[in-house]
Amino acid sequence: MHLFFIIALLVILSALYSYINARWLKLPGTIGIMSLAIIGSLITIVIDKLDPSIADYLTMLAKNINFSRTVLNILLGFLLFASAFNLDKKRLKKEMRPVFVLSTIGVIISTAIFGSLLYFITNLLKIDMPYIYCLLFGALISPTDPVAVSAIITGSKLPNNLETIISGESLFNDGIGLVLFITLLEITQSGVNNVDFGKAVILFVQEVFGGIALGAITGFLAHRLMKSIDDFQTVVLVSFALVMANSLIATYLHLSIPLAVVTAGLFAGGRSINVDKTDRSHQALEKFWTLIDELLNTMLFVMIGLQMVNFPFLQHYWLSGALGIALILIARWGSIMLPLTFLRRSLNVNYGSINILTWAGLRGGISIALALSLPTSEYKHFILAGTYFIVIFSIIVQGLTLNKVINAIYKNGPES
């Protein structure tokens with residue numbers, strides 16, 4: 001299928017689902033669009049079985065989109081940059097300690113809990129699943145989705161500190177989760193006995209801290225360039241170039257692209273680029289990136305829904321889906337509870353926030369993209385199906401009830 005034809009169909013579907021949701025369903029954008037895309041995929045599957053020629057275009061669209069490469073190499077960088085650029089930097093600085101702990105130690109703990117429980121239960125059920133693959137499943141499903149979370153918590157009674165922690169954690173844990181996933185994937189391919197763990201640690205440090213350093217340097221330089229001019233078109237081009245440059249350089253130097261673009265977004269958007277008080281360049285740039293964020297977000301969740309056409313085997317993996325949903329909630333709760341127990345005095349989070357932080361752990365496109373990127377093996381379909389069930393559950397069920405949970409806990413108003 002021609003590239004323009006693919007993009008045109010994707011944009012048309014995105015516009016159609018967005019209109020139906022805005023006109024009649026009136027659900028939060030992320031939830032409504034993904035629900036409609038899933039319903040559309042289910043209808044496509046049914047029609048395809050009755051008369052393949054009728055559903056031909058949608059089936060071809062789903063099968064011609066390389067979801068994994070599209071998300072990891074194109075969409076992810078722009079979405080993370082947009083979220084980071086518009087994040088309240090003063091609040092993030094105040095809550096940086098819990099954000100750092102949850103996005104690093106929290107992801108590692110979640111991976112360990114999920115992988116260990118999955119290995120134990122699959123053994124009980126006589127399912128042959130090596131421990132390293134259980135950990136690999138945990139690594140790709142532990143990062144939360146910043147796009148889904150920020151779209152849903154907007155307008156809730158969530159306290160400012162918790163809103164910042166949830167948004168900040170979901171921005172940084174994508175990078176940590178991706179590096180952890182790559183490290184574990186290398187172990188599965190090489191074998192535990194053949195892996196140089198010293199080299200693996202060095203690679204992990206290089207990816208994480210190298211990505212942060214790259215983003216800080218390029219973000220600072222881009223901010224200075226944007227502040228030195230008053231031509232808005234050029235300012236926009238510089239910000240676009242910043243995302244693309246970080247993606248290219250990080251790929252070439254084997255650094256973390258998510259951490260690079262998030263850090264660049266924080267540095268580029270951390271201070272105003274307005275030349276004087278009458279200039280509105282920074283505010284206009286924030287609105288521009290908000291629009292880009294919303295448009296790409298819509299297309300991303302349409303693509304997630306379309307992927308169901310490619311997963312006819314989902315009906316055989318209800319067990320992995322139900323098991324994965326239960327285990328990721330337990331792992332999420334443990335990954336918050338353990339750091340909070342040992343570091344309570346230094347973290348600005350109380351025990352009453354654990355349930356909200358647990359339920360706010362929505363999963364999205366990056367988890368599906370990582371699952372699709374797995375090399376062919378006898379365990380791939382189990383992991384892929386489980387990932388898809390978890391993502392659907394987290395976006396639709398957790399997403400629809402998150403604000404109700406928040407508003408019930410803070411019915412008398414948030415505590416700042």
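1. Helix H8 and its cover. The buried residues of H8 are covered by parts that include helix H2 (29-50), helix H4 (67-85), helix H9 (160-190), helix H13 (281-306) and helix H17 (380-409). Helices here are DSSP runs of H or I with at least four residues, strands are runs of E with at least two, and both are numbered from the N terminus. Buried means under 20% relative accessible area, exposed means over 50%, and partly exposed lies in between, with a 1.4 Å probe and protein chains only. H8 itself spans residues 146-153, and six of its eight residues are buried, so it is largely enclosed by the rest of the structure. Those six are Pro146, Val147, Ala148, Val149, Ile152 and Ile153.

2. Basis of the model. This is a predicted model, in which local features need pLDDT of at least 70 and side-chain atom pairs count only at pLDDT 80 or more, while totals for chains, interfaces and linings use all residues. Residues are numbered from 1 along each chain as its sequence is written, and side-chain values use heavy atoms, with hydrogens and water left out.

3. Overall form. The chain has 17 helices and zero strands. Its C-alpha atoms fill a box of roughly 65 × 55 × 50 Å along the principal axes.

4. Interior and surface. Of the 416 residues in the chain, 54% are buried. Contact means heavy atoms within 4.5 Å. Take the contacts between residues at least 6 apart in sequence: 82% of them join residues at least 24 apart. The accessible surface comes to about 19,200 Å², and carbon and sulfur atoms account for 65% of that. These areas come from the Shrake-Rupley method with a 1.4 Å probe; for residues, only the protein chains shown count as cover.

5. Charges. The chain carries 27 positive and 22 negative side chains. Lys and Arg count as positive, Asp and Glu as negative; His and the chain ends are not counted. The centres of the two sets lie 9 Å apart. Each charge is placed at NZ of Lys, CZ of Arg, CG of Asp or CD of Glu.

6. Salt bridges. A salt bridge needs a side-chain nitrogen of Lys or Arg within 4 Å of a carboxyl oxygen of Asp or Glu. The count by this rule is two. In one of them, Arg332 meets Glu169, with the closest N and O atoms 2.6 Å apart. Arg332 lies in helix H14 (residues 318-342) and Glu169 in helix H9, so the pair ties together parts that are 163 residues apart in sequence. Both Arg332 and Glu169 are buried. Arg91 and Asp88 also form a salt bridge, at 3.6 Å from N to O. Arg91 is partly exposed at 33% relative accessible area, and Asp88 is partly exposed at 36%.

7. A buried lysine. Lys380 is in helix H17. Lys380 is buried yet has no salt bridge. The nearest side chain of opposite charge is Glu378, 14 Å away. Leaving out residues up to four places away in sequence, Lys380 touches Ala371, Leu372, Leu374 and Pro375.

8. Two positive phi angles. Most residues other than glycine have a negative phi. Lys126 has a positive phi of about 60 degrees, though it is not a glycine. Lys126 sits in the loop between helix H6 (96-124) and helix H7 (131-141), and is exposed at 76% relative accessibility. His254 also has a positive phi, near 60 degrees. His254 lies in the loop between helix H11 (232-253) and helix H12 (257-269), and counts as exposed at 52%.

9. Tyr119 is in helix H6 and is partly exposed at 32% relative accessibility. Not counting residues up to four places away, Tyr119 touches Met129, Pro130, Tyr131 and Cys134. Ile132 is in helix H7 and is buried, at 18% relative accessible area. With the same exclusion in sequence, Ile132 touches Leu184, Ile187 and Thr188.
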